[in-house]
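Open your viewer and get ready to click along. We will start with the whole protein and then move to single residues.

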Amino acid sequence: MSCLNRQSLPIALRGISSAASDVYKWQMMHFALASSTPEAKATIGELHAIQLTFTQVPKEGGRLIRLADPQGGQVELGAVHMDAERVMAAQIEAESLADGTYTVNWRGAGDDGHFITGEYTFTLQAVVADR
């Protein structure tokens with residue numbers, strides 16, 4: 001016996017839609033990471049910059065991006081800057097990067113002034129051309 005019938009299905013769908021809308025509104029009201037390049041857990045062939053898009057414009061004075069190599073050492077990055085209204089970025093200054101799993105650490109503050117931190121990993125696996 002199903003707990004949903006034809007009459008209750010539209011009500012259930014409205015509830016799901018309303019919950020999704022509430023999550024979106026909460027994210028826009030609170031400072032959070034919305035997306036990143038490279039993406040979390042992605043495997044990429046090359047890396048030139050880290051780009052982080054937030055739900056609000058990160059306040060000056062609290063913007064930070066750090067990149068740790070597979071051994072935990074810090075990768076040299078250029079100055080953190082704003083590429084667009086909500087996009088914080090830093091260029092990779094290192095000449096070459098070894099294959100492996102890298103960790104991005106970030107910090108920012110939104111409209112309420114509270115600092116939020118986070119981290120994610122991605123894997124760099126250089127593509128070697130066939131000879």
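How much accessible surface does the protein have, and what share of it belongs to carbon and sulfur atoms? The accessible surface is about 8900 Å², and carbon and sulfur atoms hold 52% of it (Shrake-Rupley method with a 1.4 Å probe).

Before going on, note that this is a predicted model, where local features need pLDDT of at least 70, side-chain atom pairs count only at pLDDT 80 or more, and totals for chains, interfaces and linings use all residues. Residues are numbered from 1 along each chain as its sequence is written, and side-chain values use heavy atoms, with hydrogens and water left out.

**Stop 1: the whole chain.** Switch to a cartoon view and look for 1 helix and 8 strands (DSSP runs of H or I, at least four residues, for helices and of E, at least two, for strands, numbered from the N terminus). Of the 131 residues, 29% count as buried (under 20% relative accessible area; exposed is over 50%, partly exposed in between, with a 1.4 Å probe and protein chains only).

**Stop 2: confidence.** Colour by pLDDT, the predictor's confidence in each residue, from 0 to 100. The mean is 83, and 75% of the residues reach 70 or more. Now select residues 22-28: their pLDDT is below 50, and beyond near neighbours in sequence this stretch has 3 contacts in the model (contact means heavy atoms within 4.5 Å).

**Stop 3: threonine 53.** Select this residue in strand E3, which spans residues 49-54. Is threonine 53 buried or exposed? Threonine 53 counts as buried because its relative accessibility is 19%. Leaving aside neighbours within four places in sequence, show its contacts: Ala32, Leu33, Ala34, Ser35, Arg86 and Val87.

**Stop 4: methionine 88.** Next, pick methionine 88 in strand E6, residues 87-91. Methionine 88 and threonine 53 are 35 residues apart in sequence, yet 6.4 Å apart in space, C-alpha to C-alpha. With 0% relative accessibility, methionine 88 counts as buried. Not counting residues up to four places away in sequence, methionine 88 touches several residues, among them Ile50, Leu52, Phe54, Ile65, Val80 and Arg107.

**Stop 5: contacts across the sequence.** Zoom out again. Among contacts between residues at least 6 apart in sequence, 56% join residues at least 24 apart.
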